[in-house]
Amino acid sequence: MEKQDVYLEACLRAIEKKLGWGDSSDWTGTDFQQLSDRIYEATKVMLSASTLKRVWGRVKHDGKPATSTLDTLAAFLGYENWRSFVVAQQQAAPMEPPAKLGRKKRLLRWGLVIVALVSIGFATYYRGGKEDGGGDNEVGTVATASPDDYRFSSEPVTRGIPNSVIFTYDASRARIDSVFIQQSWDPMRQEQVAKDGHKHTSVYYEPGFYIAKLLVGQQVVKEHPLLIPSNGWLGMINRAPRPIYLKPADYLHPDHMGATTVAIEANQVSLTPDPPMVKYYNVGNFEPVSIADFSFSARVRNDYAAGNNAC
């Protein structure tokens, strides 16, 4: 097996562990579509379900994954890119062909693994015993949380953006007061809520597919998918903490879609030295369609070459 194949296998196993969906050989087409959605949600890069099936070997394909695909998979695991993932693997366990490992080296490696496992087990036992005998310890208490102890659901107030979502939750059985609702993967979109409360309203400024989360401490105890639709096409200028929404006439044209410099500057947004990112959405306005029957193509043109936008 080539080195890249070994690292790719490690990457796929890490993703499977992160998802907790069981053996990937049992995944369905829907599972791969959900994984595609999660990857896009976390990285803003779209890997289609068919691409993921090829990477996982569920569809026969003789080629190697593209570098951009590997970078996206690594980013989903929290790495900067594929190279940083590989470097981390090399530092954690430098690869050597098994045949070249001497007997003493193999025994030493296994010995270190056993010692590490025993140490972890002892530390866990000690920590658990200490917490059982004393007051609440947030880390230990959160680790014993059961998803069956909690309730979590959501309901968008309207169709369109921005959209207020009413979350209904029950975290009264939590043994600590640190209860949070997180809009999606981004911890910056996390708000603390009252442990004994039951309603919380959160505003979503961009449409899309999200995984809303209920956390106790740092542990996700409940999560569910949440679709925030747009009311047809939506154009926005990316700006923190809230985007600027464009009028349809500013970006919808008979033969193309795009915002002019005049429309952007009319919203008091400077184009220099760094032009803003303009996003276009159309979410939740189409009938479901099979991946096998779907295709999409587009032509992109950049006609603004001033400042840092020259390419």
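This section describes the fold, the backbone geometry and the charged contacts of a predicted model.

In the predicted chain, the secondary structure comprises nine helices and ten strands. Of the 311 residues, 32% are buried, and the accessible surface amounts to about 20,200 Å², with 54% of this area belonging to carbon and sulfur atoms. Among contacts with a sequence separation of 6 or more, 58% are made by residues 24 or more positions apart.

Four strands form an open sheet in the order E4-E3-E6-E7, and their pairing is antiparallel. The antiparallel pairing of strand E3 (residues 179–182) with E4 extends over four bridges, and valine 179 has valine 193 of E4 as its bridge partner. Helix H2 (residues 29–43) packs on the sheet, where it touches strand E6 (208–216) and E7, and the direction of H2 makes about 80° with that of E6.

Glutamine 182 is located in strand E3 and is buried, its relative accessible area being 5%. The side chain of glutamine 182 reaches the backbone oxygen of serine 184 at 2.6 Å. When neighbours within four places in sequence are left aside, the contacts of glutamine 182 include Pro187, Arg189 and Gln190, together with Ile211, Ala212, Lys213 and Leu215.

Several features of the backbone lie in loops. Isoleucine 161 and proline 162 are joined by a cis peptide bond with omega of about -5°, and proline 162 is placed in the loop between strand E1 (151–156) and strand E2 (163–170). Lysine 44, although not a glycine, has a positive phi of about 65°; this residue is in the loop between H2 and helix H3 (49–55) and is partly exposed, with a relative accessible area of 48%. A positive phi, near 60°, is also found for glutamine 268, a residue other than glycine. Glutamine 268 belongs to the loop between helix H9 (261–265) and strand E10 (278–281) and is exposed, with a relative accessible area of 67%.

The count of salt bridges comes to eight. In one of them, the side chains of aspartate 5 and lysine 64 meet at 3.0 Å, N to O. Because aspartate 5 lies in helix H1 (residues 3–19) and lysine 64 in the loop between H3 and helix H4 (67–76), the pair ties together parts that are 59 residues apart in sequence; aspartate 5 itself is partly exposed, at a relative accessible area of 25%. A salt bridge also connects lysine 195 with aspartate 177, for which the closest N and O atoms are 3.7 Å apart. Here lysine 195 is in the loop between E4 and strand E5 (199–204) and aspartate 177 in the loop between E2 and E3, so the pair ties together parts 18 residues apart in sequence. Aspartate 177 is exposed, with a relative accessible area of 56%. Lysine 279 and glutamate 206 form a further salt bridge through their side chains (3.3 Å, N to O), and this pair links distant parts of the chain, 73 residues apart, with lysine 279 in strand E10 and glutamate 206 in the loop between E5 and E6. Glutamate 206 is buried, with a relative accessible area of 17%.

Methods
Residues are numbered from 1 along each chain as its sequence is written. This is a predicted model: local features need pLDDT of at least 70, side-chain atom pairs count only at pLDDT 80 or more; totals for chains, interfaces and linings use all residues. Side-chain values use heavy atoms; hydrogens and water are left out. Two strands pair if DSSP finds at least two bridges between them. Helices (H or I, at least four residues) and strands (E, at least two) are DSSP runs, numbered from the N terminus. Contact means heavy atoms within 4.5 Å. Axes are lines fitted to C-alpha atoms, for helices over the stretch in contact, and angles run from 0 to 180 degrees between N-to-C directions. Buried means under 20% relative accessible area, exposed over 50%, partly exposed in between (1.4 Å probe, protein chains only). Accessible areas come from the Shrake-Rupley method with a 1.4 Å probe; for residues, only the protein chains shown count as cover. A polar contact is a pair of N or O atoms within 3.5 Å; within protein, one must be able to donate a hydrogen and the other to accept it, and residues adjacent in sequence count only if both atoms are side-chain atoms. A salt bridge is a side-chain nitrogen of Lys or Arg within 4 Å of a carboxyl oxygen of Asp or Glu.
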